[in-house]
Amino acid sequence: MSRLNIDKITHLKDVAAATEYLFTCISPSEDIQQALDFSLNVHEGQTRKSGEPYIVHPILVAAIVASITEDTAMIKAALLHDVVEDTAATIEEVETLFGADVAHLVGGLTKIDAIRGENLLPSGSNEKLVASALSFRKMLLASIKDVRVLVVKLCDRLHNMLTLDALPPEKQHRISEETLVVHAPIAHRLGISFLKNLLEDLSFSYLFKEEKAEIERYLEENYQAIEVKLNGFRHRVNQLLIQNGFMVEDFEILSRVKHSYSIYLKMQRKGIGIDEILDLLAIRILVKKPLDCYNVLGLIHLNFQPLSSRFKDYIAIAKDNGYQTLHTTVFSSTTIFEVQIRTFEMHRTAELGVAAHWKYKGGSERGVNLEWLHNLQYQNESVEDFYELIKNDLYSEDISVFSPKGKAYTLPRGAVALDFAYAVHTQIGERASGALVNKKQASLLTELKNGDLVRIITADHPIYHCTWIDAVKTSKSVGVT
Ligand code: MN
């Protein structure tokens, strides 16, 4: 598995160079070569809008997939992802040549294209976002049996976004909107943060050109000052760890500036300027063992004044998508820094999400909780409401609530007891008749707070909640239809 060279992938335009790059991501093998040759053959003569041979696209999608996983079926499926849709090749041929697993993945990807085609409205339509979301829902339902299909699809979309410059502005806009509403959320939910961040930033740069330029101008103008502050803080933390018994090889400190789309969202959500964003500057400390994280946290808090309200322990209470990290925010001199602390293993999980722990040869059961997929359903709202809904669902800070046995559930802020019931199990949701929140009797529409302990009282038979849900016109109720 290799680190992806995004800049290189964006600018690779010829077959030989793309092939060479692919084989730096995965070692050459007969069966990969066979899939490549087949794809080369059937795509022969086809070109992309930008003029380069079509085959460059599937090769680079395969390279992106290879940076996430060693699953060769997925890499072959990436090479073959458009052959059924766009060439004379059939799915039967793919199955005969490459086996049932690869054919199943290619079939899933072809199906997604077909569904998308059916659901795409004319570009002038004001309802395009809703249409995308509906196709999104169907797409998920169609491919839910194998999350690998979704991951290849996300890699396909990433390469399309990287090469979007070749398309007319109108198409750039639509594809970016779709990416922001459909693909980035899937990447987020699958926990593949590097894909999510790239998809968001790329869409953002086409959808909000001025805002993006403004953020970039600020970062450029302040580049020197930002670098000096970040490096200074990083150096101080480095010294602190060394002085307290950490060996140089035991940890790594990464520093970063928040990515531009999340800067934008934060400015929008809080109505603040870029210089008021508290976690604009951040460092990430990687250590070997979970307990080391808490040691480092102790050292940080004893040496830098923390903003206590911003501390989050996602190690003890992991997010639903498997994300684990300690988050804190501290002052150093007069500057505020966000500090994230995690193990190397947690870092891998955070970057690669579900793909980090796949057993490469195995059944279709990947051990991932895909319950949430059913909850990502959106109703017909106006475009503005819809955007709002999506943003709220994805970016409002989550809360953690607990079952009577202490199991943690991550819910969006604003979730009610009934949402919790459905999060536990669809059948619990359907049979819920009342709730105890922190041991006190409460209605199923009681809004939950971070840390609440919730017990759901169930009836013997399903209870129809439709009328209640209709009464609550926010995103939280949409998921429980
Ligand atoms: Mn494609």
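Donors here are N, O and S atoms within 2.8 Å of the metal (3.2 Å for Na, K and Ca), and water is not among the atoms, so sites may look incomplete. With that in hand, let's walk through the structure, starting at the metal. This is a predicted model in which local features need pLDDT of at least 70 and side-chain atom pairs count only at pLDDT 80 or more, while totals for chains, interfaces and linings use all residues. Residues are numbered from 1 along each chain as its sequence is written, and side-chain values use heavy atoms, leaving out hydrogens and water.

The manganese ion has its donor residues spaced H-x23-H-D-x73-D in sequence. Its protein donors are H57 (NE2), H81 (NE2), D82 (OD) and D156 (OD), at 2.2 to 2.8 Å. H81 sits in the loop between helix 5 (72–79) and helix 6 (83–86), and D156 in helix 9 (residues 147–162), so this pair ties together parts 75 residues apart in sequence. Helices are DSSP runs of H or I with at least four residues, numbered from the N terminus. Both H81 and D156 are buried, meaning under 20% relative accessible area with a 1.4 Å probe, protein chains only.

Next, a pair of helices. The axes of helix 11 (residues 193–207) and helix 14 (residues 260–270) come within 8 Å and cross at roughly 70°; these axes are lines fitted to C-alpha atoms over the stretch in contact, with angles running from 0 to 180 degrees between N-to-C directions. Helix 11 is therefore roughly perpendicular to helix 14, a label that covers 65 to 115 degrees. E200, D201 and F204 of helix 11 meet S260, Y261 and Y264 of helix 14, where contact means heavy atoms within 4.5 Å.

Key
Helices (H or I, at least four residues) and strands (E, at least two) are DSSP runs, numbered from the N terminus. Buried means under 20% relative accessible area, exposed over 50%, partly exposed in between (1.4 Å probe, protein chains only). Angles under 35 degrees count as roughly parallel, over 145 as roughly antiparallel, 65 to 115 as roughly perpendicular and the rest as oblique.
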